[in-house]
Amino acid sequence: MKISRSILVSAFLLVGLTAFSIGWFMGNNNSDSPALPSIGQTIGTIGTANENVSIKDLDEVWKRLQANYYDEKKLDAEKLKYGAVKGFVAAIGDPYTVFMTPDESKDFDDGLNGNLEGIGAELEVKEGKLVVVTPLKSSPAEKAGLKTNDIIFKIDGALAEELSLYDAVHRIRGKKGTAVTLTIIREKKSDPFEIKIVRAKVVIDSVTVKKLDGDIFHLTVNQFNDHTKTEFQNAVQKILLERARGIILDLRGNGGGYLDISVDMLSELLPGEKVASIIKRRDAKQNESVKTSGLSSLPDIPLVVLVNKGSASASEIVAGAVQDYKRGVIIGEKTFGKGSVQEISRLADGSNLRLTIAKWFTPLDRSIDDTGITPDKIVELTEADFKAEKDPQLDAAIQYLKSKK
């Protein structure tokens, strides 16, 4: 089975514009999907061959609201319709299977295209709490001091736990130049504290490359989006032309994106045609091994991959394959652990259903779901390091590559 386009394995709501970098096969189920049923219309039954679930009572509930609810102005049929479908999908209990309204779907697409506006941070809901996965590099969130694993307790005084994920994100979003105040709970700090962040347009270069001493190239990949393939190939050409003696592939804080981009990246790094990832579906007959092209430009240059807690999904696919084939050394902190794949199904009204359709495994058949990838060499980057503008993880990578010479 050939994959078309896949958002891979990232798991977060991106607060610039709301975008879940989640992993997926974007199976392009478009306008042929059925439109949402109108409230007041019997939806009928759904279910497996073994069990049907009747949801026709929704029609009766709507009629009673229309007849008796005190504030008729609050009976917004479209809002309630979308709310009903959201709740239905959310009841599965899978944080990566989500229904998105047309507006949310547009925000999601914009985020994958790198068009962000807001504070620039990736968020997730974990055990009912709104948690920072990573602030984006050079974003307002990073500059204001927001950290990975910070819990957002309040948003401009409103309790985050009382808001839906998208409601929380919309409160954090806003026009550039305006401010939002977040009340933060941080490990090792006894009391909550406030961080005021001025919103801005967040411009993300998906790939940047910098030459370091000793002909070592620091190649940073921030996202696996529509621009990454071209930008990565341009960086590869630069590395080849300047005869690099070592490469540091920096995936720290990269929450993922498209699966095919991660495979393209591995195709440049791994010699020969190799399995990049194993995809396992509900029907085992549809399982598949996704392979690299076999046309590698950088098969032999010494390699270090940097990862941290904010490295997820497509980032973990790259790191996992490099580790399994012993193509390079993984340095940093244990990764996020996002091992499921989602498909996006587009409905006729512009809304989307994003649903988990598979699990992915490393080439050696390792599952990283909820466990992450443990680096070959664990090096922490502490808050004190950050404040002192030190980067022991990058220093360790440079030291390793120099020792290889």
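Predicted model: local features only at pLDDT ≥ 70, side-chain atom pairs only at ≥ 80, totals over all residues.
Residues are numbered from 1 along each chain as its sequence is written. Local features need pLDDT of at least 70 and side-chain atom pairs 80 or more, totals for linings use all residues, and side-chain values use heavy atoms, without hydrogens or water.

**Stop one: the sheet.** Select the open sheet of six strands, ordered β16-β17-β18-β22-β23-β26 with mixed pairing. Strands here are DSSP E runs of at least two residues, and helices are H or I runs of at least four; two strands pair if DSSP finds at least two bridges between them. At the edges you will find β16 and β26 (377–378), each pairing on one side only. Now pick β17 and β18, which run parallel over five bridges. Which residue is the bridge partner of L219 in β18? L249 is.

**Stop two: the core.** Stay on L249: together with V305, L249 touches the most other members of the largest nonpolar core, which has 42 residues. Such a core joins buried Ala, Val, Leu, Ile, Met, Phe, Trp, Tyr and Cys residues through side-chain atoms within 4.5 Å, buried meaning under 20% relative accessible area with a 1.4 Å probe, protein chains only. Among the elements supplying at least two residues each are β17, β18 (246–250) and β22 (303–307).

Note on methods
Buried < 20%, exposed > 50% of the residue type's maximum accessible area, 1.4 Å probe, protein only.
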